[in-house]
Amino acid sequence: GHGQRSWIVEADYKAIEYRIAAFLANDKKTLAAFDAFDNHGGPDLHTLNALTLFGIKGREPTKRERTLAKNFLYGGILYEGAPETIHSVLSVDTPIEMTLVEGMIERFFAIHPAYKVWHRALVKEANEKGYVEEPVSGRRRHFWSARIKPTEVYNYPVQTLAGWIINQAIKKVAKEVDWGLTGIS
């Protein structure tokens, strides 16, 4: 328009699902690493995971190793994907041995056992109550048949809470928007 400013704003909640999963699982190691990253400039979590998962000593992980560690986490480990699922996610960009994937899973859970404990508790609760609940908003995912899918049980509280957090921010931004001239996409 005439003399009007236009802005395009992009927001990125860095590793929101990973942060929420660590919080809900009470994975103190990961929460401390996020604290160090956020407040003291510590290494990002995908770099830290690459160091551990690939046994890297005395050097930084390559971009490829960091990406593999990130895809490993989001491609299955947070939602306890089967080794075959994680292998297929990682094999998209890079041929990778199944034995390496199995070793990565073992190393991750050896350092972060809280996720297994949390996952077991979620499935037990879902089987007893017939639903899984996101603890902040209280929203529930009901399972009407006897067939509870563990991956859905693990996924629901994390992604629902992430959506709730992002929606709170969008509501604040929406109050500032001049809806005749701008919008939210």
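Biologist: Which residues is phenylalanine 108 in contact with, leaving aside its neighbours within four places in sequence?

Modeller: Phenylalanine 108 touches Tyr18, Asn49, Leu53, Phe72, Leu73, Ile77 and Tyr115. Contact here means heavy atoms within 4.5 Å. Keep in mind that this is a predicted model, where local features need pLDDT of at least 70, side-chain atom pairs count only at pLDDT 80 or more, and totals for chains, interfaces and linings use all residues. Residues are numbered from 1 along each chain as its sequence is written, and side-chain values use heavy atoms, with hydrogens and water left out.

Biologist: Got it. How many residues are in the largest nonpolar core?

Modeller: The largest nonpolar core has 42 residues, and Phe72, Phe108 and Tyr115 have the most contacts inside it. Such a core is a set of buried Ala, Val, Leu, Ile, Met, Phe, Trp, Tyr and Cys residues joined through side-chain atoms within 4.5 Å. Buried means under 20% relative accessible area, exposed means over 50%, and partly exposed is in between (1.4 Å probe, protein chains only).

Biologist: And which element gives the largest share of this core?

Modeller: That's α1, with 7 residues. Helices are DSSP runs (H or I, at least four residues), numbered from the N terminus.

Biologist: Let's switch to helix packing. At what angle do the axes of α3 and α6 cross?

Modeller: The axes of α3 (residues 45–53) and α6 (residues 98–111) cross at roughly 115 degrees and come within 10 Å. Axes are lines fitted to C-alpha atoms, for helices over the stretch in contact, and angles run from 0 to 180 degrees between N-to-C directions.

Biologist: Which residues meet there?

Modeller: From α3 there are Asn49, Thr52 and Leu53, and they meet Met104, Arg107, Phe108 and Ile111 of α6.

Biologist: What about glutamate 65: buried or exposed?

Modeller: Glutamate 65 is buried, at 12% relative accessible area. Its side chain meets that of arginine 59 in a salt bridge (2.9 Å, N to O), and arginine 59 is partly exposed at 43%.

Biologist: Which residues are linked in a network of salt bridges?

Modeller: Arg141, Lys149 and Glu152 are.

How values were computed
Helices (H or I, at least four residues) and strands (E, at least two) are DSSP runs, numbered from the N terminus. A salt bridge is a side-chain nitrogen of Lys or Arg within 4 Å of a carboxyl oxygen of Asp or Glu.
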